[in-house]
Amino acid sequence: MQLYLPIADIPVNIFLILAMGAAVGFVSGMFGIGGGFLMTPLLIFVGIAPAVAVASVASHIAASSFSGAISYWRRRSIDPILAAVLLTGGSVGTALGVWTFTQLRALGQLDLLIAVSYVILLTTVGGLMFWEGLRALLRARRGGAATARRPGSHVWIHGLPLKMRFKRSKIYLSVIPVVVIGLIIGFIGAVMGIGGGFILVPLMIYVLRVPTSTVVGTSMVLTLVTMVFATMLHAVTNHLVDAVLALILMVGGVTGAQFGARAGQKIRGEHLRLLLGLLVLSVGVRFAIELGIRPSDLFTVRETGGTG
Amino acid sequence: MIARASVLLAGLLLTAALAASPASAERLIVSVSNHRVTVTPNYSGEELVLFGSVEKDAQTPANRTYDLVVTVSGPRADMVTRRKERKFGIWINTDSRQFLKVPTYLALFSNRTFDAIAPPDVQRRQQLGLKNVLLTQRVGPDYADVVPDDPFRSAFVRLRTQHGLYREAQSAVTFLTPTLFRTGIPLPGEVPIGTYDVEIKLFADGALVTRTETAFEIVKVGFEQFIANAARNNGLAYGLVTAFMALMTGWMASIVFRKD
């Protein structure tokens with residue numbers, strides 16, 4: 001069934017968009033990531049203008065992460081205090097990121113910078129997660145206890161001042177690294193146009209040693225807030241949010257996210273990390289290949305305005 | 001003195017232009033099947049029909065055979081064509097050309113090949129065919145159209161053609177009788193919104209005899225128009241509603257799918 005999108009100005013197949021929303025929603029519910037780094041390229045592939053895709057995906061991620069966050073909240077797997085501390089850093093980071101974005105755009109070659117940072121970020125993060133997941137899995141198979149969290153080990157982060165007790169997560173930690181991580185995620189998210197969940201989750205696990213039980217739900221809260229903010233920002237500045245496209249994506253997305261969240265609860269932590277690592281890595285490799293091989297068409301055409 | 005001379009010259013030209021049309025002896029009468037294409041939620045492209053006839057009068061030489069070229073050009077916009085090159089092992093955009101105020105949709109239809117209709121110099125002057133249409137480029141500080149086989153120009157035309165937005169069909173116009181003709185104007189789903197100019201040129205013996213113009217518009221109506229206007233004029237309210245819609249959808253889903 002074809003439907004004409006009022007802002008994107010092209011007709012699309014409703015069921016195709018619904019299915020894409022559901023598939024990405026499933027992945028985002030399962031791993032607690034926004035899924036923007038999957039959804040945006042898919043929409044561009046269908047023929048939607050990149051700017052409209054980025055702007056509309058933000059509201060789709062907001063819906064997905066809200067429904068995910070609710071079900072994690074019911075299972076008491078969100079740490080509200082940890083989320084609040086992350087958000088203080090996150091909001092400052094987002095503001096800095098938007099400012100940097102504007103500066104970079106004035107210099108040109110922003111597209112290249114985004115593509116290169118995608119490659120570096122996704123392959124590094126994905127590779128590390130995949131490797132760690134694989135090692136944990138092998139350790140578990142050999143019979144040893146697979147402990148993602150080693151309570152006894154004290155790294156330099158635990159020596160920092162301003163310690164705070166995060167009850168739900170059962171960790172006693174300095175607020176400094178938490179705020180800094182929020183800041184980094186907010187900054188990267190704003191510059192690259194992604195939620196940043198796939199970087200946040202591993203950072204929380206490996207650096208902050210947040211237990212796997214609360215990490216996904218808590219990161220979803222951060223994603224939710226930043227994406228609602230991003231939707232507003234895109235709607236006010238560029239007028240490019242396609243509400244109809246967003247609604248179709250949301251309906252597919254929230255449905256997928258519910259099933260994804262349930263599937264995520266059933267899968268063991270190390271398997272989950274292995275899968276997410278593999279997913280992030282493959283997207284990174286795909287971007288790398290795109291940069292490295294000769295494109296089928298060396299030319300691209302883009303409208304630069306002046307319609308009338 | 002110079003000013004007066006130019007006024008006089010302009011006056012003369014105007015008189016000449018006015019005098020030219022009755023002297024040319026033929027008149028074109030055309031119409032499009034629909035002057036207002038409305039975009040509704042189930043819009044996925046449309047085909048318009050242009051039909052018309054050649055009116056002759058007493059001075060018209062008998063047994064004259066006619067050729068017809070129809071040019072449809074959509075709303076104009078600035079576009080940029082970029083070329084990728086390999087640098088430091090990766091493919092990046094290096095060179096680009098800006099096309100200024102070029103039609104976002106462009107279609108040329110004729111009853112036979114442009115080469116059969118008119119000699120090359122007439123083809124160029126009358127902009128017959130995609131390779132002869134004026135596409136203004138900005139090359140550094142200059143504004144010009146370049147040779148038809150310029151790589152950026154041909155890539156631009158090729159990419160637009162791939163999307164069905166630029167097209168050329170040299171047998172699309174059919175003469176139903178020696179003076180009655182019709183042609184279809186296919187509009188793909190992703191066709192831009194706006195006013196479309198249709199120019200019809202009548203040729204005989206390799207020369208332009210007469211020309212006429214008509215137009216149609218593609219407009220959003222109802223729901224589509226409401227959304228587009230809201231997004232443009234009330235950005236903040238639109239954003240708030242969209243964000244609220246996102247939260248509601250998420251909340252609804254968590255209720256619908258609640259198991260416990």
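How many residues lie between E13(B) and E14(B) in their hairpin, and which residue in the turn has a positive phi? I looked there first. E13(B) and E14(B) form a hairpin with two residues between them, and B:Asp205 in the turn has a positive phi of about 50°.

Notes on the model. I am working with a predicted model, in which local features need pLDDT of at least 70, side-chain atom pairs count only at pLDDT 80 or more, and totals for chains, interfaces and linings use all residues. Residues are numbered from 1 along each chain as its sequence is written, while chains are lettered from A and ligands numbered from 1 in the order in which they are written.

I take helices (H or I, at least four residues) and strands (E, at least two) as DSSP runs, numbered from the N terminus. Two strands pair if DSSP finds at least two bridges between them. Strand E13 of chain B (residues 194-204) pairs with E14(B) in the antiparallel sense over eleven bridges. In this pairing I found B:Glu199 opposite B:Glu213 of E14(B). E14(B), residues 207-220, also runs parallel to strand E2 of chain B (residues 36-39), joined by four bridges. There, B:Arg36 has B:Glu217 as its bridge partner.

Entry on the open sheet. I traced four strands of chain B in the order E1-E3-E12-E11, with antiparallel pairing. Strand E1 (26-32) and strand E11 (174-177) are the edges, since each pairs on one side only. From one strand to the next, the twist averages 25° (axes are lines fitted to C-alpha atoms, and angles run from 0 to 180 degrees between N-to-C directions). E1(B) and strand E3 of chain B (residues 46-56) are joined by seven bridges. B:Arg27 stands opposite B:Glu55 in E3(B).

Entry on the domains. By an automatic or database domain assignment, chain B is divided into domain 1 (22-74 + 104-133 + 140-219) and domain 2 (221-251). Five residues of domain 1 are in contact with four residues of domain 2, where contact means C-beta atoms, placed from the backbone, within 7 Å.

Entry on the two chains. I then turned to the contact of chain A with chain B, which takes 50 residues from each. Several elements of chain A supply at least two residues each, among them helix H3 (50-74), helix H5 (110-141) and helix H9 (243-266). H9(A) gives the largest share of the chain A side, nine residues.

Technical notes
Two residues are in contact if their C-beta atoms, placed from the backbone, lie within 7 Å.
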